Amino acid sequence: MRQVTRTEIIENIKVRAGKDLLDLNDRSERRVYVTIKKEILPKITRYLFNDVKVRFVIASGVDIRKAIEILYHFSIDEIGLIISLRVVLDKSNLEVDSLTSIMKCASWIEREIHELLGVNFKGHPNLKHLLLKDDWPKGNYPLRKDQ
Amino acid sequence: MSTNKIIPIGPYHPLQEEPEFFRLHVDGETVVDIDIEIGYNHRMIEKIAESKSYDQVTFLVERICGICSTSHPFAYTNAIDDLLGVTPPERALYIRTIVGELERIHSHLLWLGLAGHFLGYNTVWMWAWRYREPVLDIFERITGNRNHYAMFKPGGVRRDFYEEDFPWIKKTLKSLIPKFDMFKGAVLDDPIIRARTEGIGILTRQDVHDYSVVGPTARASGVGIDVRKDDPYAAYDKVEWKVITHEGGGVFAKAVVRILELYESTNIILQCLDNMPKGDIDLNIKDMPAGEGIGRHEAPRGEVFHYIMSDGGNSPAWHKVRAPSFMNIASNKKAVIGGTISDATIILAAVDPCYCCTERTAVVDYKTGKKLMDGQDLVRLSQEKTEKLRSKLKS
């Protein structure tokens, strides 16, 4: 398979995202942060994971107080690049499409972010607790800064 | 309801003796489904990190894992270096590399011993752990500790190496190579180990992509991913070495990859000792700007990933840790199903799971809830299968 180049992959994300691309931080040779609207997250993920066949590293949910950010880190091992897709979720509507149907490996981390930060992943087949016990009090999210 | 029985393995894993829980759904001897539960050992280290200073977090993350204790400080300091956009002094990079590779040797030997025990090769177990000791002795000489070395700090390392130790370290390491040959012979040439481990717990290249597994688990399926090569850090791009891969994807392939990596790690350390430049070992970082950083390290079990967000204060505003086992354990869903109960224990152990970073065993009749087997019985079952193979091959 032909090796994808760094410029090519960033350009393709730009084209696919169009006006839904909110910010692109080309931080260094090996780190790129892309902020996109949450509606196009599945589309960009499908491009990266299914078409370019990059590796999903992990997602990290971050409470930035006024909102919750989720960063989906993808590693393009052939060129040593990490692309982090960032979606910002308003605290009044903590909902984003689940990526588990696209990548099985997203299942556990979505469950983890769900229980620790209270984000609802729409369409997750089995959104139960991963780390916390089953009878953990509802509405109590250990990693939230405001609790 | 079918006649499927459920075999709970856990929450203490019979091999690693760390808590997690597998529920095997079995039909006769065949495993038809598996549920995996983790979280028994969750200590909220990421939350604690928010209340520690950047220097203290290095020691905090060192406590995530007791076996590969340097993997997390390695990835964490890489993340801080990425956030600051700095590269530590060259001597510090060589010291980091040596500590990281010594750890890989002792961790792989530990796994090899446990895997041997599981298959009923207690001699392999004793030998592997016996020859792990000289590695710990080296650690004690150069860091002061057999484990939890406390060598790393953002922007460098905490202690320098003494040149007068180098001949002794080299001699000790070289004396291990014939022992590695012995293990290689034991695993590659022994028809029983081969028959027992080849072709079970297979992960294909597609599975590696689907589950995004990392480390020896991926490399044993012929996928040559290794952060040390792909996203070079420390001194890994300054020495000659190769990424070990093996086709096959089963338990056998995973053992082969780990054994061959012992040679590569030894090779890397010897080159580092020869080429280590003199000079500073620390950048003495005082201030942390706001920003974010990502650090990775190829731990013995695969890629460790740390994400740090800084608001310019004294402690991380956010810290995310991903250990390799978080991805690798989930792939058991693929590897175990279709195999037999006697193979399940070694397959579950083959990814070298680490629950510190991410069970008592009982086999219970699903209908009556009556206990049929416990952890020791499962180990016995696995060992008996090896014994059967042995007598079959003899006759």
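The contact between the two chains takes 20 residues from chain A and 23 residues from chain B. Two residues are in contact here if their C-beta atoms, placed from the backbone, lie within 7 Å. On the side of chain A that touches chain B, strand β3 (residues 55-63) of chain A gives the most, with six residues. Helices (H or I, at least four residues) and strands (E, at least two) are DSSP runs, numbered from the N terminus. By residue type, this side of chain A divides into twelve nonpolar, two polar and six charged. Ala, Val, Leu, Ile, Met, Phe, Trp, Tyr, Cys and Pro count as nonpolar, Asp, Glu, Lys and Arg as charged, and the others, Gly among them, as polar.

The model is predicted: local features need pLDDT of at least 70, side-chain atom pairs count only at pLDDT 80 or more, and totals for chains, interfaces and linings use all residues. Residues are numbered from 1 along each chain as its sequence is written, while chains are lettered from A and ligands numbered from 1 in the order in which they are written.

In chain A, strand β5 (residues 81-90) is mostly covered. Seven of its ten residues are buried. A residue is buried if 20 or more other C-beta atoms lie within 10 Å of its own, exposed if 12 or fewer, and partly exposed in between, with C-beta atoms placed from the backbone. Strand β5(A) pairs with strand β2 (residues 31-36) of chain A in the parallel sense, over five bridges. Two strands pair if DSSP finds at least two bridges between them. Strand β4 (residues 67-76) of chain A runs antiparallel to β5(A), and ten bridges join them. Ile82(A) in β5(A) stands opposite Arg31(A) and also opposite Ser75(A). Four residues lie between β4(A) and β5(A), which form a hairpin. In the turn, Gly80(A) has a positive phi of about 60 degrees.

Chain B holds 16 helices and ten strands. Its C-alpha atoms fill a box of roughly 65 × 45 × 35 Å along the principal axes. Of the 395 residues of chain B, 53% count as buried.

The domain assignment, automatic or from a database, gives chain B domain 1 (5-41 + 339-394) and domain 2 (45-326). Their centres, taken over C-alpha atoms, are separated by 28 Å. In chain B, 24 residues of domain 1 are in contact with 24 residues of domain 2. On the domain 1 side, α15 (341-350) and α16 (375-394) of chain B each supply at least two residues. The largest share, nine residues, comes from α16(B). This side of domain 1 divides into 13 nonpolar, six polar and five charged residues.

Three strands of chain B form an open antiparallel sheet in the order β1-β2-β3. Strands β1 (5-9) and β3 (30-37) of chain B stand at the edges with a single partner strand each, so one side of each is left without a neighbour in the sheet. Neighbouring strands are turned by 20 degrees against each other on average, direction ignored. Axes are lines fitted to C-alpha atoms, for helices over the stretch in contact, and angles run from 0 to 180 degrees between N-to-C directions. Seven bridges link strand β2 (residues 21-27) of chain B to β3(B). Phe22(B) has Ile36(B) in β3(B) as its bridge partner. Helix α15(B) packs on the sheet and touches β1, β2 and β3 of chain B. The direction of α15(B) makes about 150 degrees with that of β2(B).
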